Amino acid sequence: MIKVVGFLKRKPGMSVAAFRDYYESTHRLIGERVLAGYACHYARRFLDGYSDAADAPFGVEGDYDVIMEIWYPSEAAYAAAQRHLSSPDIRAEIVADEEKLFDRPRNRFFTLVESVSELPPVA
């Protein structure tokens, strides 16, 4: 399993509510369409608290608004997806929509190496 995470920041001036609504009603659908057949999991984990400077201690806004996860079942699926996503038409569509939603220079993406500990059941 190959897991990719993105730490994403909303576009300056966009409210948290508008960001979440646009991501889930529009950008998510693009992701689902272009990832279909390559990825097996696509999740958005919206960060609560301190996203808006007005809600944050000392008026400091959080660094990111959402953690996005994409899981691929194999290295071959990941490599095929990268080729697919880098095609000019798909890349142009993604970038154009990201410009409406994200502060793109602040976004960061990582491929994960995972270690998991199995814990006893909670009593």
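Me: Is β3 mostly covered or mostly open, and how many of its residues are buried?
Reply: Mostly covered: five of the seven residues in β3 are buried, where buried means under 20% relative accessible area, with a 1.4 Å probe and protein chains only. Strands here are DSSP runs of E, at least two residues long, and helices are runs of H or I of at least four, numbered from the N terminus. Keep in mind that this is a predicted model, where local features need pLDDT of at least 70, side-chain atom pairs count only at pLDDT 80 or more, and totals for chains, interfaces and linings use all residues. Residues are numbered from 1 along each chain as its sequence is written, and side-chain values use heavy atoms, leaving out hydrogens and water.

Me: Got it. Which strands form the sheet, and in what order?
Reply: The order is β2-β3-β1-β4, an open sheet of four strands with antiparallel pairing. Two strands pair if DSSP finds at least two bridges between them. The edge strands are β2 (41–46) and β4 (108–112), each pairing on one side only.

Me: What holds paired strands together in general?
Reply: Strands of a sheet pair through backbone hydrogen bonds, either parallel or antiparallel.

Me: And how many bridges does β3 have with β1 and with β2?
Reply: β1 and β3 share seven bridges, and β2 and β3 are joined by six. You can find Val4 opposite Ile70 in β3, and His41 opposite Trp71 in β3.

Me: What about Val4 on the β4 side?
Reply: There the bridge partner of Val4 is Thr111. Five bridges join β1 (residues 2–8) to β4.

Me: Switching topic: which strands does helix α1 touch?
Reply: Helix α1 (residues 16–35) packs on the sheet and touches β1, β2 and β3 (66–72), contact being heavy atoms within 4.5 Å. Its direction makes about 165° with that of β2. For such angles, axes are lines fitted to C-alpha atoms, for helices over the stretch in contact, and the angles run from 0 to 180 degrees between N-to-C directions.

Me: Where does α2 lie?
Reply: Helix α2 (residues 75–85) lies across β1, β3 and β4, at about 120° to β3.

Me: Last one: which element gives the most to the lining of the largest pocket?
Reply: That is α1, with six residues. The lining divides into 16 nonpolar, six polar and three charged residues; Ala, Val, Leu, Ile, Met, Phe, Trp, Tyr, Cys and Pro count as nonpolar, Asp, Glu, Lys and Arg as charged, and the others, Gly among them, as polar.

Technical notes:
Buried < 20%, exposed > 50% of the residue type's maximum accessible area, 1.4 Å probe, protein only.
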